[in-house]
Amino acid sequence: MSQTPTSPSRLAHIDAAKGVSIFLVVYWHAVDARLIFNEALWMLRMPLFFFVSGLFAAKALDLDWRAFLTQKVGNILYLYVFWTFLVFASTILVAQVFGPDPINWQQPFMLFVEPPRTLWFMYALAVSFVLAKLLKPLPPLFVFAALFALYSWSISGGDWRTVPFFEKVIRLFPFFYLAMWIKQPFLECVERHHKFGWLALILFIASALALFLSPVANWGILTFAVGLTGVFGVTMSFRSAPNNRFTSLMANIGNRSLLVYVMHRIPLFYMENAMEVLDVPVNATTMSIAAVIATCLCLVIGERLLLPLFYWLFDAPWLGPKARLGERLSNYRTG
């Protein structure tokens with residue numbers, strides 16, 4: 001299989017697929033609904049990330065419950081809580097201090113009741129790992145059938161924007177669980193048929209846009225199928241061009257997805273406010289540029305913070321040195 005040149009244990013096309021999902025998250029938070037297709041990408045953005053996360057969840061799920069809760073789930077929740085307060089203090093609080101609205105000190109403390117718009121995915125990922133661990137002894141086909149029924153029920157409401165947190169989990173966990181279940185067949189399919197990746201990607205783009213604008217956008221079987229088509233299309237397309245510079249770039253972003261995800265809201269906030277002060281049009285074009293700049297800033301600044309002195313920014317204090325992100329990325333770079 002195609003592998004990154006710096007680590008024999010990683011697959012470049014899988015890292016690149018994760019990189020795409022993370023950039024699409026940044027792009028959504030920047031451009032929002034200014035582009036119709038950006039709205040239609042809800043069928044790929046988070047489903048792709050949860051699918052890729054599920055592909056390699058087995059190692060964590062094999063841990064005993066104590067190690068699982070402290071090393072995996074506990075670390076995700078630590079980052080979720082820490083960065084919720086940090087992002088609040090550096091963006092929302094600043095806006096409230098200098099704006100007309102009173103300061104809402106309760107907002108960050110509601111993170112487990114009303115997860116923040118930017119970081120809720122980390123909470124959902126922690127919940128997904130726990131659910132996967134609990135459901136592991138049960139027959140996969142039975143579990144997936146139940147999960148898909150819940151997914152279809154959630155989609156039938158026709159809403160995708162103002163979705164309660166528990167419904168977000170209902171919509172994303174099936175992709176996580178399915179990836180665990182079909183990991184080997186999926187990787188083999190990508191390996192054998194990657195030359196059709198661009199066809200699958202074109203099919204996804206056309207289907208996502210058509211479905212989003214159609215009255216049957218609330219049919220779970222259609223949205224799920226379109227989402228899976230996108231997952232296969234993105235992954236196979238990168239597999240078909242393993243030595244491409246764009247593949248390497250997206251694999252690098254995917255391998256550092258945590259840096260981009262937790263930090264991107266901060267530069268986006270200040271860039272958008274700076275544009276308003278400078279009377280620069282805040283539109284799809286300028287915010288697209290802002291999304292690229294924010295991603296680059298997160299990678300550059302985050303790389304400088306991957307030092308023992310700042311390990312608590314990206315890892316829980318109770319993790320050992322070998323389990324920390326900086327150490328893992330150092331091993332990734334040096335092979």
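Visitor: Which residues is T247 in contact with, leaving aside its neighbours within four places in sequence?
Guide: T247 is in contact with A16, F238, A241 and P242, once those neighbours are set aside. Contact means heavy atoms within 4.5 Å. One caution: this is a predicted model, where local features need pLDDT of at least 70 and side-chain atom pairs count only at pLDDT 80 or more, while totals for chains, interfaces and linings use all residues. Residues are numbered from 1 along each chain as its sequence is written, and side-chain values use heavy atoms, with hydrogens and water left out.

Visitor: Where is T247 placed?
Guide: In helix α12, residues 245-255. Helices (H or I, at least four residues) and strands (E, at least two) are DSSP runs, numbered from the N terminus.

Visitor: Is T247 buried or exposed?
Guide: T247 counts as buried, at 2% relative accessibility. Buried means under 20% relative accessible area, exposed over 50%, and partly exposed in between (1.4 Å probe, protein chains only).

Visitor: Which residues of α12 are buried?
Guide: T247, M250, A251, I253, G254 and N255.

Visitor: What reaches the backbone nitrogen of F246 at the start of α12?
Guide: A side-chain oxygen of N244, to within 2.6 Å.

Visitor: Back to A251. How many residues apart in sequence are H13 and A251?
Guide: They are 238 residues apart in sequence, yet 6.9 Å apart in space, C-alpha to C-alpha. H13 is in helix α1 and is buried, with a relative accessible area of 2%.

Visitor: Now L55. Where is it found?
Guide: L55 is in helix α3, residues 45-55. It is buried, with a relative accessible area of 1%.

Visitor: What is L55 in contact with, beyond its neighbours within four places in sequence?
Guide: I14, A179, K183 and F186.

Visitor: Switching to rings. How many aromatic pairs does the count come to?
Guide: The count comes to 34 aromatic pairs. Take F82 and W312: their ring centres are 5.8 Å apart and their planes are at 80°, so this pair is edge-to-face. The rule pairs rings of Phe, Tyr and Trp (its six-membered ring) if their centres lie within 6.5 Å; planes under 30 degrees apart count as stacked, over 60 as edge-to-face and the rest as tilted.

Visitor: Why does that pair tie together parts that are 230 residues apart in sequence?
Guide: Because F82 lies in helix α5 (residues 65-98), while W312 lies in the loop between α15 (284-305) and α16 (325-334). F82 is partly exposed at 22% relative accessibility, and W312 is partly exposed at 34%.

Visitor: Which residues do ring pairs link into a cluster?
Guide: Y78, F82, W83, W312, F314 and W318.

Visitor: Which charged end sits over the ring of Y311?
Guide: That of R324, 3.8 Å from the ring centre. K133 lies over the face of F68, at 5.4 Å from the ring centre. A charge sits over a ring if NZ of Lys or CZ of Arg is within 6 Å of the ring centre and within 35 degrees of the ring normal.

Visitor: Last topic, the backbone. What is the phi of D32?
Guide: Positive, about 60°, although D32 is not a glycine. Most residues other than glycine have a negative phi. D32 is in the loop between α1 (12-31) and α2 (36-40), and is partly exposed at 21% relative accessible area.

Visitor: And D279, where is that found?
Guide: In the loop between α14 (265-277) and α15. D279 has a positive phi of about 60° and is not a glycine. At 67% relative accessibility, D279 counts as exposed.

Terms used
A polar contact is a pair of N or O atoms within 3.5 Å; within protein, one must be able to donate a hydrogen and the other to accept it, and residues adjacent in sequence count only if both atoms are side-chain atoms.
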